[in-house]
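This briefing concerns the pairing of charged side chains in a protein model. Please consult the sequence and structure shown here before reading the points that follow.

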Amino acid sequence: MDHVAPELHKDGFNCPHCNAYALMTWQALLSGNMHLSVWAAFCARCNAPSIWVDGDTLSRRLVFEPPGPVTQIYPAESTAPMHSDDLPEDCRADYREARTIVRFSPRGAAALLRLVIQKLCLHLGGSGEDINKDIGLMVENGLPKRVQEAMDTVRIVGNEAVHPGVLNLNDDPVIVDSLFKLVNLIVERMLTEPRQENDLYRSLPPKKLKGIEQRDK
């Protein structure tokens, strides 16, 4: 199913918390006060709320600049893509936190994505302690060049981001937006594609699979 963008009073959309398409239950938190209405939408999947403001009054009160009279104020809107469904569970919280803060702290988001790569290395045969050595080991074992370049890009940018004066990501947040795409590319090539190939192979008739096993013995 195609991604359905969140929208005020819509019955269902992709949840900004869990990213699953789900029905939404709306509840008025403040209505009709100074031309300002505040609503909460509760996701039927994860039960987490998104908070919405309907009214121009907000734009004169808050420090951020909403895109219009209707604004989702929680969770903070992000232009970064959601993580792949195949991103390991222990990496997801860091990815989601990076996605949440990228508008306010590109440097912080880059550092978190580097941590995602460090944890991801454990799932790809590395130690998870030294990313550089883990990538080198995976290259020796046939890591595709495109994946190696993506991993090294996230590693280096994330590392340089925490050193003042080396790389000012606040001046060029587009770089960080690209890091999210690189993380998903790594997951796609190293986890999603092998899983899909294995699922397809295992879907073959049992007799055929048994014949292949006997042949290879």
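The points below describe salt bridges, grouped by where the partners lie.

The model is predicted. Side chains of opposite charge can pair when their charged atoms come close. In this structure, the count of salt bridges comes to nine; several of them are described here.

**Pairs within helices**
- In helix H1 (residues 89–101), Glu89 and Arg92 are three residues apart, about one turn of the helix.
- A salt bridge joins Glu89 to Arg92, with 3.7 Å between the closest N and O atoms.
- Glu89 is exposed, at a relative accessible area of 61%, whereas Arg92 is buried, at 16%.
- Helix H5 (residues 174–202) holds Arg189 and Glu193, which are four residues apart and thus separated by about one helical turn.
- Arg189 and Glu193 form a salt bridge through their side chains, at 3.6 Å from N to O.
- Arg189 is partly exposed, with a relative accessible area of 29%, and Glu193 is also partly exposed, with a value of 29%.

**The pair Arg215 and Asp216**
- Arg215 and Asp216 form a salt bridge in which the closest N and O atoms are 2.9 Å apart.
- Arg215 counts as exposed because its relative accessibility is 62%, over the cut-off of 50%.
- Asp216 is likewise exposed, with a relative accessible area of 55%.

**A network**
- Salt bridges link Asp86, Arg195 and Asp199 in a network.

Key
Residues numbered from 1 in each chain as written. Predicted model: local features only at pLDDT ≥ 70, side-chain atom pairs only at ≥ 80, totals over all residues. Heavy atoms only, no water. Salt bridge = Lys/Arg side-chain N within 4 Å of Asp/Glu carboxyl O. Helix = DSSP H or I, 4+ residues; strand = E, 2+ residues; numbered from the N terminus. Buried < 20%, exposed > 50% of the residue type's maximum accessible area, 1.4 Å probe, protein only.
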